[in-house]
Amino acid sequence: MSSDPDLTLGDRIMRLFPWGTEAHAGKKAGWSRLPLLPVDVFGAACHLLEATGAYQYVVAPFAAGAPPADVRYLSSTRSVTRGEIDQWRAIGRRWARDQDVGRAEVQSLWASLWSLRGEPFVGRTVREADEPPAWWKVAHALLVIADECSSNIGYTLSNESLGLTAKGYYWANAVAYNFAQRVSNPDPIASLEHPGDARHTRVHVRADSLTYSLNPQIARVLPKGRTTELGCSIRTLSHNLTLLPPRGYTSAYWHQPEANYGNNQTKLNLLLVPFPYAIPAGCFRGRVNRDKQGNKNRWGRFRVDQKWLRPEGGTPSATNEEWSTEEGRGDFVSFIDRLLAEARRKRKPANGIVLPEYALDWSTHDALVRHVRDHHPSIEFVISGVSRDCNGLLGNFVVVSTLYTNSFGERVAATHSRRKHHRWQLDGQQIESYGLQDELSTKCVWWEYLEIGHRIIHMDVFRNRSALTAVICEDLARVDPALSLIRSLGPNLVFALLMDGPQLAFRWPGSYAASLTDDPGSSVLTITCAALIDRSNASRKAAGLKRGPRSIALWRHHLRMGSAAPPNQGTHQLTLLPNQQALVLQLDSKPAPETTIDGRANSDTTAWYYRSEEAIVIPRKEIKREGWNWIVDGVK
């Protein structure tokens, strides 16, 4: 007798809802009634279709009628009719506007699914001559209905979705928003330099699933951005919701701003600051691994000291001290302020600031965020790599701070961070390329001294129909665990912060960015520091080779955006001359038409694409007069 607990469809449904589909207040219920929320219905249907592989037999209707005989599927692959798809979509939309009426219509389908609970779940191999199990079509219908009912879920709540117009009450969106806000716990960030300022908060935890009764140890559900039209996967079967792995695999948090945060602007200007511009000697420090006899092994650990944050260079007096000084932070904030002013003078006011991996420490990032919050209302987010997060933990972090006006009319900043998921491996070729031979032996393979910790992906909604996420260096290249989640969540924008050489289309960051532009269709920006590019070019010159381009960033978007992307313009190397300090990258957006594998078209998400770039230059005389030489050229 088999010990497999998943003998039947009913067994799996009961595992998905261990307390029943209408459990509340700890009271166990049955499974014949429809779950309370569309996200629970979606999670159950999506999980059933994925776990059995049933989704791969779904295809779009050929046309209004039956397909011609020469393109008709004869195996278990079956397309539902256009009429069925339209009917399911209509039910989902009615349910979105009327919780009671729509629920009554969906209940009959759920009852049909439960009535088939005795059927084998994964009990046999589907052969070409087999008819698909009856419950497959029912689960497909429930998935479509729940997905359509959840249109725009997780994004800014409009008047319509709050029920303030005659079009109806989008109750599921409001429930999801209120739930996400309730489970978060914004915590004011203390600052000795900004006493009494509680308008910068840390928000590290949001809802990792919007479901109510679905077991998160089996499946989770969050909103999504882009839906790829390539391939055949469970991700290609939905527009608004996505199925995620069980809790504990990798946490994914969806950050939705307050209800009054509405921004439909179609243009986005990003200030790209490739700091540090110079890396002083002694910033890379390593320890070789030795065996019990004291013999050197072929590998070691290295760490990076952020001496570029101290005007005088050197090392802090205490190991737990920030690398920056109060004087240095003041200089750096003033320097960024001047770059923003120059961008405004060129009529290209920045909406976001992006710095590379490991560019700042926490105190410098905090000082910058508080300054732009109070003095630059156009800035919507600041993204930077830091060596210490807002909880005081040391490591290699990406920090995202979003800035907006809250319901009290105050401009506030909310910050979260996450650790790097993979350690940097430095080999002899890289050491020579970056001119680090005096600090690290080329005969060793060096691993970044880095704690990985729990892996997290954050998604931030920053416009009405856009979401972004940020990754660090190797996280862009390694499939596990982040990329599978990123493909499921479908961010409209992905920022990859690097400590790397020039960002060229043929190098590894460009190749891996291209995979995300294909699936899920994200637009991707990689950015590195000017210092390592200059070191790399210096090494090339010493070897008698031609200097490479000073490409501090690479932009990629997918060409299937049609007229928004002229031919061969999906990739742009963003280059700075030595006398230039920053770039303003200008982006445009347009609605992105997408179609699921069952033929449901949608165009309520956003695609971002390259429009132009503008170099920002501060005259050398001004840099010298303001005392910013140490920022641009290195230690004083």
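Start by selecting strand β22, residues 571-575. H572 and L574 make up its covered face, while T571, Q573 and T575 lie on the uncovered one. Strands here are DSSP E runs of at least two residues and helices are H or I runs of at least four, numbered from the N terminus. A word on the model before you go on: it is predicted, so local features need pLDDT of at least 70 and side-chain atom pairs count only at pLDDT 80 or more, whereas totals for chains, interfaces and linings use all residues. Residues are numbered from 1 along each chain as its sequence is written, and side-chain values use heavy atoms, with hydrogens and water left out.

Look for W555, whose bridge partner in β22 is H572. Next comes strand β20 (residues 523-527), joined to β21 by 4 bridges and also antiparallel. Here V524 stands opposite R556 of β21.

Contact means heavy atoms within 4.5 Å.

Move on to the other sheet, an open one of 9 strands ordered β3-β4-β14-β13-β12-β11-β8-β23-β24, with mixed pairing. Its edge strands are β3 (187-188) and β24 (601-616). Strands β4 (residues 200-202) and β14 (residues 411-419) pair in the parallel sense over 3 bridges, and T201 has A414 of β14 as its bridge partner.

Helix α7 lies across β8 (267-272), β11 (352-354), β23 (582-595) and β24, at about 105° to β24. Angles run from 0 to 180 degrees between N-to-C directions, with axes fitted to C-alpha atoms, for helices over the stretch in contact.

For the last stop, select α7 (residues 326-345) with helix α8 (residues 362-375): they pack at an angle of about 45°, with axes 10 Å apart. To see the contact, show R329, F332, V333, I336, D337 and L340 of α7 together with S363, T364, A367, L368, H371 and V372 of α8.

Methods: Buried means under 20% relative accessible area, exposed over 50%, partly exposed in between (1.4 Å probe, protein chains only). Two strands pair if DSSP finds at least two bridges between them.
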